[in-house]
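Student: I am new to this structure. Please take a close look at one surface feature and then go on to other local details.

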Amino acid sequence: MVVLTDLSVQSIEFDLGQSLSNLRDVRVEFERSVPVGKVAVPYLWAYTCDQAMFERLLRRTSNVKSVHPVQLEDDRGLYRIEWDDDPDGFLECLSNSSISIVKARGTAEQWDFRLRFDSHDAVSRFQKACTDRDVSLSIERVVSSHSEKMSTELLSPRQRETIELALEKGYFDVPRRTTMVELAEELGISDQAVSARIRRAMKTLSKSSLNESGPPSRPTLTEH
């Protein structure tokens, strides 16, 4: 059984979050599906207009041993991090748990994680480890599945990227906080391509959801 858990952590709860909270426009994303094990997440993308400041703040983080820029562009960079052997509270909880990071995204205020556990007991152990280390979590959703593929894994990487950006920017909110044209500009594609990706992704997710839950029961009609 696979158990996916969505949770958020305030930046002040761990050293990396505290260090980067000084860069107000920063957005950080860990590489997807990184096994944690003994080594904390080694690769991350940083989206900020001040990559030099980001790297300086990263190097000052207490449990970061070294930082290696892998790919640098105008407003984003890929970095490989070597951590020391004494991680802080939250990263220690991750390192001591048999979990994988499906998605991790951080800003100056808050970090959002999607973690994959092997069982509900593993989730409980992780929560207890965080509590024992005075790490405050906000668990937003726990979803278990016996199927080999979770619904989001049915999406192509481009579809997933588009849906995640649309959610983050508030495209599905009421009222909407962004437009399809703005999403297209950020992704570097046409708004027609954005529309096609969203339609196909929503169709795939809807079909998967209906298949998992089974056909809806039909009400019995009674003549009066």
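**A surface patch and other local details**

Tutor: In this predicted model, Met202 lies in helix H7, which covers residues 191–213. Together with Leu167 and Phe172, Met202 makes up a nonpolar patch on the surface. The accessible area of these three residues together is about 270 Å².

Next comes a point about the backbone. Pro175 sits in the loop between helix H5 (157–169) and helix H6 (180–187). The peptide bond leading from Val174 to Pro175 is cis, and its omega is near 0°. Another loop, between helix H4 (120–132) and strand S9 (138–145), holds Asp134. Phi of Asp134 is positive, near 60°, although the residue is not glycine. Both details are worth noting because most peptide bonds are trans and most residues other than glycine have a negative phi. Asp134 has a relative accessible area of 68% and is therefore exposed.

Strand S4 (residues 43–47) is mostly covered, with four of its five residues buried. S4 pairs with strand S2 (residues 27–30) through four bridges, and the two run antiparallel. In that pairing, Arg27 stands opposite Tyr47 of S4. S4 also pairs with strand S6 (residues 76–83), again in the antiparallel sense, over five bridges. There, Ala46 stands opposite Gly77 of S6.

How values were computed:
Residues are numbered from 1 along each chain as its sequence is written. This is a predicted model: local features need pLDDT of at least 70, side-chain atom pairs count only at pLDDT 80 or more; totals for chains, interfaces and linings use all residues. Side-chain values use heavy atoms; hydrogens and water are left out. Patches are made of residues with over 30% relative accessible area and no salt bridge: like charges are joined within 9 Å, nonpolar side chains (Val, Leu, Ile, Met, Phe, Trp, Tyr) within 5 Å. Accessible areas come from the Shrake-Rupley method with a 1.4 Å probe; for residues, only the protein chains shown count as cover. A salt bridge is a side-chain nitrogen of Lys or Arg within 4 Å of a carboxyl oxygen of Asp or Glu. Buried means under 20% relative accessible area, exposed over 50%, partly exposed in between (1.4 Å probe, protein chains only). Two strands pair if DSSP finds at least two bridges between them.
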